[in-house]
Every structure is written in C-alpha cells, then in structure tokens.
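Welcome! Please keep the sequence and the 3D view at hand as you read.

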Amino acid sequence: FCLKLKPAHLLADSRLGEMPVGPFPARSPAPWAELNKVTEVCGADAIFKEGERSEHPLDLGAAVKSGDLSTAPREVDLLIVGGGLSGAVIAERCSKELGFTSLIIDKRDHIGGNCYDYVTPHGIRASKYGAHLFHTNHERVWDYITQFSEWMPYDHRVRGRVPDVDGVEQIVPIPPVQETVNALFKENITTEAEMQAWYDKQRVMPPSGEATNGEEAALSRVGPLLYDKIFKHYTKKQWDKYPEELDASVLLRLPCRTNTDERYFGDTFQALPVRGYTRIFENMLLRDPNISVRVNVDYFAEREAGRLPKYKMLVYTGPIDSYFSQAGMPKLEYRSLHFEETYIEEPDQGFYQEAMVVNYPSADVPFTRIVEYKHVANQTEAVKKGEVKGSLIAKETSSDVGEPYYPVPNTQNQELYERYRLLAEKESEVCFVGRLASYKYFNMDQAILNALEIYDSLKETGKLQPKRRPEDFGHGDGPK
C-alpha cells in the first residue's frame, strides 16, 4: 500500500466532463431497487447499543496485539488459524451453542481478514484489501449476519471507462446493459427484444458446440464486440492470462443483460454494514469470554517453536499448499492485488470520479479499476456532513506477487489442488475451511454459509467437516 497526496488539478485530465454533485446514489432506480429485500436499516450492533461511538476499529489491547501466546489460554477446544469470516463464524457458533473455547490467531495486526476496514486520518472509511460488497440469496446467512451489525440497503453499480467505436472514451454501466451497447457501438436499442436480437447476432458458438476455454465461453455469451471492448484485456490484467488460457467457467458466468438493470448483483439481500465490516467481527468475537484472539502471530513459526496451546481440533483457513509445504509438491498459483492509494485534497464537487468503482478494461491502462471510498453509503458521519473536503482513491493492479487473494482457475491448478485435498482428508484433527484452504473463491455469503454448514456437521456427526465440496457452492465473484 502507498499513500500519495495530490491536488485535484493534477488529476483532472483522467476524467470526462463535469463531476456530478454528491456521491453516486446508493439505490438503483425503480423498478430494480424494489428487488432488494433490504429496504431500511436493520440488524443489531450490540457494541453501538452499549454506547460505543467511535467509528474507528476498536483497540484490541496490548495482550491481543503483542504476538505473545504466553498470555493466551494454554488449552482450548479449537485453535483457529485466521481471523476472517470462516474462522470467526465457527468460533462464534461453537461458543454460543456448545460452550466451546477457541483461540484465534492471525499473522496480521487486525481481525476481520480481507474484510477489514478502518477510518483514515482524513476521516474516510476505507477497506484495506479492496472494496467489499455484501450480497446473498441465502436467508439463513442474512438472518445470521444481521445479529452482528446494523445494515443499510445498497445496490452496487459499476461504471467503466471504455473507448467507443470512434475511440472516444465513454462512461458506461458494467455489466453491459442497453445503455452500454448504445454508447459504445452507436446503437439505438430501447427494448429487451432489440437487445436480445443484438446478442443473437453477435454471439459466436464454439466450434465443438461446448466452450473449451474462456475465450470461446465469452464469445458465446457476448460476441466479439463486447468481448474485445470490456472483457478480453480486463481478464488479461486480472489473471495475467488471456481468456483462451483460462477455464471456460471463468467467462461462462458473464452476465448478459437485456434490460436496464445496472445492478452488479441480482441477489435478494444487498446491503452495507452501517459502521463498517470490522464491526461485525468485533461483535462476533471481542465480547465473548469463550473466544480469545491473538494477532501478529505466525502459526507456522509458533508450531515450529512448540508454543501453540493444547487443542482438540485445529481449524486452518490459510493456503492449503503452505500447510503441506514439507510434502515437496509444487505451489498452487494465486493472484494478488496491489493498491496505490492517493488522497486528493480538493476534487471537483468533492469527488474524483463518477461512482465508487470505475473499471478500466482497455489494454493501454495498467490497472484494472479505481475505487473511490467516499462514494460508499456507509461512510463516516464527518463525510456525510460534508466536513471531509478531500477524497481517497485506490488504483488496483493484479499481480502474482504478494498475499494470495484469488485461486487461478485452470486445469493444472485444479488437478494440483486435488492432490492437496487428498492429503487434507488424512488430517483427522484438522478442519480446512475457507477460500485459501479450499482453493476456491468464496463470496462473503458463501464463506459464511460454508462455515455454518461445517458447524452443522459438528452437531450432527461430532466432527468439524464440510458438508459439500467447495465447487458445489457455485462460482464466486472473483476479481471484479
């Protein structure tokens, strides 16, 4: 991460025209907003109810942050490696319903995993590991997660900066809708039937009848024009592989909208935690006497030094290939993200760009997207009152160097993961759970559901184990 300060005039050439007044609307126009069952602020924030008014993450305390396990319990039911969603849900459920004790350790200096957000010195709520957008069709997940935060309705919409057929940059909705096609290709589509006819004319079916790679999948979904303008080079920047080098499943899920629904997700429940994602974990973990937390702790170093407490079950949420590093097998392939953060002192109308997320799918731009956190609806009170004049943007670049974020979906990696999975099945006292341990990109709701089902298995069979394979949860969003 790096932080640079620049006055707005030095960045003005990267935008088109005048900026709209105020943040990008949090709700989609009718009738699409009505499809979101979250209609008002709901849920419970016990910490806020008890009088805590700070908008910053709570101070974990010296003992938790020390990295010293000598002050932690010497014997627990569960030793949980990783303080993200998977580990937190299992710790919370096992405590509340079974009275189990847990010690959660994390090598980072905070709880919340990649969901962690915080308030910058300028007073803006930002996400340390990229924007997170909660959405789910699972009522069980929604009922569960609303116990730990208040939530506000939010319909996430994305814009893309894309050159049209004349090479003139346009700001268009992504995923593509009628407006996108009209702006980029000089069409005049006004009905769903016309949009469907345009797709039908564009689509190129795979030679074998079934897509064998990402390019064939994309062409069969959106045709060559949209593929080249929006998906081909964006995919290369995300994965460092062109679509033809990726599994067909990556591109088969491209949304093909024939209507005017600009929402990025179509889920039944879409919302933002009112006081940020970190507050969810604070409510789940920090007020429970059965759950202890230690950050700045490297599991492998502590294991090697013999400093781990006694435990009945290990819950491991880290990379599965790191756990079995002594097996001599090749490492799995991951993509990482790098964020170049810039604080803009006085942008036009208070904002740098038109929406929270603007994608840059063209090959001549090195980064994939820019996130401007000030647009997001769950900003701090200072931002909402107009007291913060500047704005923070984060340019995202994908890389194969850095902390692992996303598994790379191709045949070779999947075959290698299967070898690791067979090793994991032999570890009877270890539960491998979560995105990195399962080599599967889980959305937030999928991670929660997976952890809840693993807890169900404990109640039903006496053992923490998955009820289904990771791929049975369907595709996650992956890099956006």
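A disulfide is a pair of cysteine sulfur atoms within 2.5 Å, and this structure holds 0 of them. What you are looking at is a predicted model, in which local features need pLDDT of at least 70 and side-chain atom pairs count only at pLDDT 80 or more, while totals for chains, interfaces and linings use all residues. Residues are numbered from 1 along each chain as its sequence is written, and side-chain values use heavy atoms, with hydrogens and water left out.

**Confidence**

- The predictor's confidence in each residue is called pLDDT and runs from 0 to 100; the chain averages 93, and 94% of the residues score at least 70.
- Where pLDDT is low, the predicted coordinates should not be read in detail.

**The whole chain**

- The chain has 15 helices and 19 strands. Both are DSSP runs numbered from the N terminus, with helices being H or I over at least four residues and strands being E over at least two.
- With a radius of gyration of 23 Å, close to the 23 Å that the globule rule gives for 480 residues, the chain is as compact as a globular protein of that length. This radius is taken over C-alpha atoms, and the rule is 2.2 Å times the number of residues to the power 0.38.
- Along the principal axes, the C-alpha atoms fill a box of roughly 70 × 60 × 40 Å.
- Of the 480 residues, 57% are buried. Buried means under 20% relative accessible area, exposed means over 50%, and partly exposed lies in between (1.4 Å probe, protein chains only).
- Among contacts between residues at least 6 apart in sequence, 75% join residues at least 24 apart.
- The accessible surface comes to about 20300 Å², and 50% of that belongs to carbon and sulfur atoms. Such areas come from the Shrake-Rupley method with a 1.4 Å probe, and for residues only the protein chains shown count as cover.

- Cys 42 is partly exposed, at 26% relative accessibility.
- Cys 431 has its closest cysteine sulfur in Cys 94, at 9.4 Å, which is also too far for a bond. Cys 431 is buried, with a relative accessible area of 2%.

- Helix α6 spans residues 192–202, and its buried residues are Met 195, Trp 198, Tyr 199 and Gln 202.
- These residues lie on the same side of α6 because they cover an arc of only 95° around the axis. The arc is that of the directions from the helix axis to the C-beta atoms.
- An α-helix has 3.6 residues a turn, so residues three or four places apart point the same way.
- On the face turned away from the buried side, α6 carries the exposed residues Ala 193 and Lys 201.
- The buried residues of α6 pack against α5 (178–185) and α7 (214–239).

**Backbone details to look for**

- Most residues other than glycine have a negative phi, and most peptide bonds are trans.
- A cis peptide bond, with omega about 5°, joins Ala 30 and Pro 31. Pro 31 is in the loop between β1 (2–6) and β2 (42–43).
- Another cis bond runs from Ile 174 to Pro 175, with omega near 5°. Pro 175 lies in the loop between β10 (169–174) and α5.
- Lys 186 has a positive phi, near 60°. Lys 186 sits in the loop between α5 and α6 and is exposed, at 52% relative accessible area.
- Asp 240 has a positive phi as well, near 55°. Asp 240 is found in the loop between α7 and α8 (248–252) and is partly exposed, at 42%.

**Across the sequence**

- Which residues does Glu 429 touch, not counting those up to four places away in sequence? They are Lys 312, Met 313 and Leu 314.
- Glu 429 is in the loop between α13 (411–425) and β19 (430–432). Its C-alpha is 8.7 Å from that of Val 315, although the two residues are 114 apart in sequence.
- Thr 342 belongs to strand β14 (residues 334–344) and is buried, at 6% relative accessibility.

How values were computed. Contact means heavy atoms within 4.5 Å.
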